[in-house]
Amino acid sequence: MAEVIHEMYSEEQVNARIRELGGQISADLAGEPVKVVCVLKGASFFACELAKRITSPVYMDFMYCSSYGDGTVSSGKVKITRDLEMPIEGENVLIAEDIIDSGHTLKFLTEEFRKRGAKRVMVCVMLSKPERREVEVPVDYVGFVVPDKFIVGYGLDYAQKYRNLPFIGTMEF
């Protein structure tokens, strides 16, 4: 059976919400610099668009970690295969993530960045799926709250497919 994708948020809706998030983050930073940490691969589209809308000085770094692999359910074990290039000690850090689902990855990253001496750790997610939360993680900025459905597009994938969709959609198998 072929996969069917239904649009949930249009490209225009996503872009408008990212502009709002950038404004909120800029106001909270009040001109202080921030290191935006993009969690690859899914958050790449979101993190770049968000960074363009933050008015404080922005430094970007990238980290690759996952608790999914090619599956559709979190394994609960976070695997880091690419770490940050720049130190974060004494820095404001904004984790840009595509979705918070189980919470395992973001819990791991916020704890790890605090251990590394970050001045402040903030979390911004494009999507939050609270029904799936297994561990609680403080999230400072949320783009959209979504139901417990499999989401693709705008960086989110199914087995590495559909990241390039310009909208956010739900997928039926």
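Which residues does D61 touch, not counting residues up to four places away in sequence? Here are my notes, with that one taken up under point 3.

1. **Ground rules.** This is a predicted model, where local features need pLDDT of at least 70, side-chain atom pairs count only at pLDDT 80 or more, and totals for chains, interfaces and linings use all residues. Numbering runs from 1 along each chain as its sequence is written, and side-chain values use heavy atoms, with hydrogens and water left out.

2. **Overall layout.** You'll find three helices and nine strands in the protein; helices (H or I, at least four residues) and strands (E, at least two) are DSSP runs, numbered from the N terminus. Along the sequence the order is β-α-β-α-β-β-β-α-β-β-β-β. The C-alpha trace spans about 50 × 35 × 25 Å along its principal axes.

3. **D61, the opening question.** D61 sits in strand β3 (residues 58–66) and is buried, with a relative accessible area of 4%. Buried means under 20% relative accessible area, exposed over 50%, and partly exposed in between (1.4 Å probe, protein chains only). Leaving out residues up to four places away in sequence, D61 touches V36, V37, C38, R82, L84, E85 and M86. Contact here means heavy atoms within 4.5 Å. D61 and H6 are 55 residues apart in sequence, and their C-alpha atoms lie 32 Å apart.

4. **T170.** On to strand β9, where T170 is found. At 11% relative accessibility, T170 counts as buried. Setting aside neighbours within four places in sequence, T170 is in contact with V4, I5, H6, M8, K149, F150 and I151.

5. **Aromatic pairs.** There are five of these in the structure. Rings of Phe, Tyr and Trp (its six-membered ring) pair if their centres lie within 6.5 Å; planes under 30 degrees apart count as stacked, over 60 as edge-to-face and the rest as tilted. One of the pairs is Y9 with F144: the ring centres are 3.9 Å apart and the planes are at 20 degrees, so the pair is stacked. This pair links distant parts of the chain, with Y9 in strand β1 (residues 4–9) and F144 in strand β7 (residues 141–145), 135 residues apart. Y9 is buried at 17% relative accessibility, and F144 is buried at 13%.

6. **The F150 group.** F150 and Y158 form an edge-to-face pair, 5.9 Å centre to centre with 85 degrees between the planes. Both F150 and Y158 are buried. Together with F173 they form one aromatic cluster.

7. **The loop between β8 and β9.** Several residues here deserve a look. Y154 is in the loop between β8 (151–152) and β9 (168–172), and its phi is near 50 degrees, a positive value in a residue other than glycine. Y162 is in the loop between β8 and β9 too, with phi near 80 degrees, again positive in a residue other than glycine. Is each one buried or partly exposed? Y154 counts as buried at 6% relative accessibility, whereas Y162 counts as partly exposed at 22%.

8. **L156.** L156 is found in the loop between β8 and β9 and counts as buried at 5% relative accessibility. Apart from neighbours within four places in sequence, its contacts are G42, D98, I99, M126, L127, I151, K161, Y162 and R163. L156 and A43 are 113 residues apart in sequence, yet 7.5 Å apart in space, C-alpha to C-alpha.

9. **A cis peptide.** Check the bond joining L40 and K41: this peptide is cis, with omega about 0 degrees. K41 has its place in the loop between β2 (34–40) and α2 (44–52).

10. **Contacts and burial over the whole chain.** Among contacts between residues at least 6 apart in sequence, 68% join residues at least 24 apart. Buried residues make up 49% of the 173 residues.
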